[in-house]
Structure formats: structure tokens, C-alpha cells
Amino acid sequence: QVQLVESGGGLVQPGGSLTLSCAASGSIFSINRMGWYRRAPGKERELVATFIGSSNTVYADSVKGRFTISRNSGKNTVTLQMNSLKPEDTAIYYCNAVMTRVYWGQGTQVTVSS
């Protein structure tokens, strides 16, 4: 079994920054993908940013240039640095990892509001 534990959500003003972290633990053999999705109120869950393999990254167009994903493969952690946050970034952010099956974290709330 694999567990994904997220941390770092919260309330921030527009233009501010937050850092989300996710740590994977348990029976980890090979992580094919690891990254972040989000679900805004009334919307479908969408990709934010993810690693594919050890170094390739994919970002949603809406966060390019503002968010940066990084990974510590040795510690099975992934971090999402979010800058220049906008109200439309408000959502529950979920850590995602793909191994022999797909795993999800419990989600962490990010609220961008003045």
C-alpha cells in the first residue's frame, strides 16, 4: 500500500505565494508519474503540473510561468511552488502518483482571496 501525504495549503492574498509538498510512503517500487491536480468549486478535477518519468514536466497552460514543480526522487517527494496566485487558483489540490496503479492524496485547500 502507498500513502500520499500533502501539506502546505492555506489562505493567501492575490499575488501571493504558497508551497505545497507531497510525500509518498509505503510499498514504492517505481513512480512513473507524480504531480498535482486540483478541483475548483463546481468544476472537474484538472491537471496542474506533473513529472513524467524522472525529469519531464507538464504544466497546465493556466499556471505556466507562475507555478514550478520539483521532485526529490530519493525521498519520493514532490513540491509545487505557486507564485502570483490568482483567485481562480482557489481549489482543493491533490497529489497524484502513478505506479502499478494510481494513488491520490487526501487533498489540501488553497484559497486565494483578499
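How many disulfides does the count come to by the rule used here? The count comes to 1 disulfide, where a disulfide is a pair of cysteine sulfur atoms within 2.5 Å. The model is predicted, so local features need pLDDT of at least 70 and side-chain atom pairs count only at pLDDT 80 or more, while totals for chains, interfaces and linings use all residues. Residues are numbered from 1 along each chain as its sequence is written, and side-chain values use heavy atoms, with hydrogens and water left out.

The disulfide joins Cys22 to Cys95, with 2.0 Å from S to S. Cys22 sits in strand β3 (residues 18-26) and Cys95 in strand β9, so distant parts of the chain, 73 residues apart, are linked; strands are DSSP runs of E with at least two residues, numbered from the N terminus. The link of Cys22 and Cys95 is left-handed, with -85° about the S-S bond. Both Cys22 and Cys95 are buried, that is, under 20% relative accessible area (1.4 Å probe, protein chains only).

Strand β7 (residues 67-72) runs antiparallel to strand β8 (residues 77-82), and 6 bridges join them; two strands pair if DSSP finds at least two bridges between them. Ser70 stands opposite Thr79 in β8. The hairpin has 4 residues between its strands, and there Asn76 takes a positive phi near 55°.

Most residues other than glycine have a negative phi. Ser84, in the loop between β8 and β9 (91-98), also has a positive phi, near 50°, without being a glycine. Ser84 counts as partly exposed because its relative accessibility is 40%, which falls between the buried limit of 20% and the exposed limit of 50%.
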